[in-house]
Amino acid sequence: QVQLVESGGGLVQAGGSLRLSCAASGLTFSRNVMGWFRQAPGKEREFVAAISWGGGNTLYDDSVKGRFTISRDNAKNTVYLQMNSLKPEDTAVYYCAAEARSSRAVLTTKYGVADQYDYWGQGTQVTVSS
């Protein structure tokens, strides 16, 4: 059974930082593309960042480029999202996602779409106050 468990969310002032973690189990983590998405109240889920199976390639939405960094530790089956210079518009529930239908796939822009992912975590709330 695949499980993705996010942690690290919370309340932070604008300009502050948070580090999200996503611990994965039940899948061959080191072979999978991993992604982060977010969903604000009343809005659709949107792409934030993705990372290749080996960690050497990353993909970001323009809204977070230069402020957020995605990384992974395959020895710990964990993917991270370091969020700096947070803005009130970053407030959302953040979800970790895993693509399991392929092995050691090349990271392309298709991983910016939620349908590309097979498993999802329960989400962690991030609230940025102004």
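Trainee: In this predicted model, which residue forms a salt bridge with aspartate 90?

Mentor: The closest N and O atoms of the pair are 2.7 Å apart. A salt bridge needs a side-chain nitrogen of Lys or Arg within 4 Å of a carboxyl oxygen of Asp or Glu, so this pair qualifies. The partner of aspartate 90 is arginine 67.

Trainee: How many residues apart are aspartate 90 and arginine 67?

Mentor: Aspartate 90 is in the loop between β8 and β9. Arginine 67 is in the loop between β6 (58-60) and β7. The pair links distant parts of the chain, and the separation is 23 residues.

Trainee: Are aspartate 90 and arginine 67 buried or exposed?

Mentor: Buried means under 20% relative accessible area, and exposed means over 50%. For aspartate 90 and arginine 67 the answer is that both are buried.

Trainee: How many salt bridges does a search of the whole structure find?

Mentor: One of them joins lysine 65 and aspartate 62, at 3.0 Å from N to O. Aspartate 62 counts as exposed because its relative accessibility is 62%. The search of the whole structure gives five.

Trainee: What is the nearest side chain of opposite charge to glutamate 99?

Mentor: Glutamate 99 is in the loop between β9 (92-98) and β10 (119-120). Glutamate 99 is buried yet has no salt bridge. Its side chain does make a polar contact with the side chain of serine 102, at 2.7 Å. The nearest side chain of opposite charge is 4.5 Å away, and that is arginine 101.

Trainee: How many residues has the largest nonpolar core?

Mentor: Residues with the most contacts inside this core include Trp36, Leu81, Met83 and Tyr94. Several strands each supply at least two residues, among them β3 (18-25), β4 (34-39) and β11 (124-129). Tyrosine 94 touches Leu20, Trp36 and Val126, among others. The largest nonpolar core has 27 residues.

Conventions:
Residues are numbered from 1 along each chain as its sequence is written. This is a predicted model: local features need pLDDT of at least 70, side-chain atom pairs count only at pLDDT 80 or more; totals for chains, interfaces and linings use all residues. Side-chain values use heavy atoms; hydrogens and water are left out. Helices (H or I, at least four residues) and strands (E, at least two) are DSSP runs, numbered from the N terminus. Buried means under 20% relative accessible area, exposed over 50%, partly exposed in between (1.4 Å probe, protein chains only). Lys and Arg count as positive and Asp and Glu as negative; His and the chain ends are not counted. A polar contact is a pair of N or O atoms within 3.5 Å; within protein, one must be able to donate a hydrogen and the other to accept it, and residues adjacent in sequence count only if both atoms are side-chain atoms. A nonpolar core is a set of buried Ala, Val, Leu, Ile, Met, Phe, Trp, Tyr and Cys residues joined through side-chain atoms within 4.5 Å. Contact means heavy atoms within 4.5 Å. Lists of a residue's contacts leave out its neighbours within four places in sequence.
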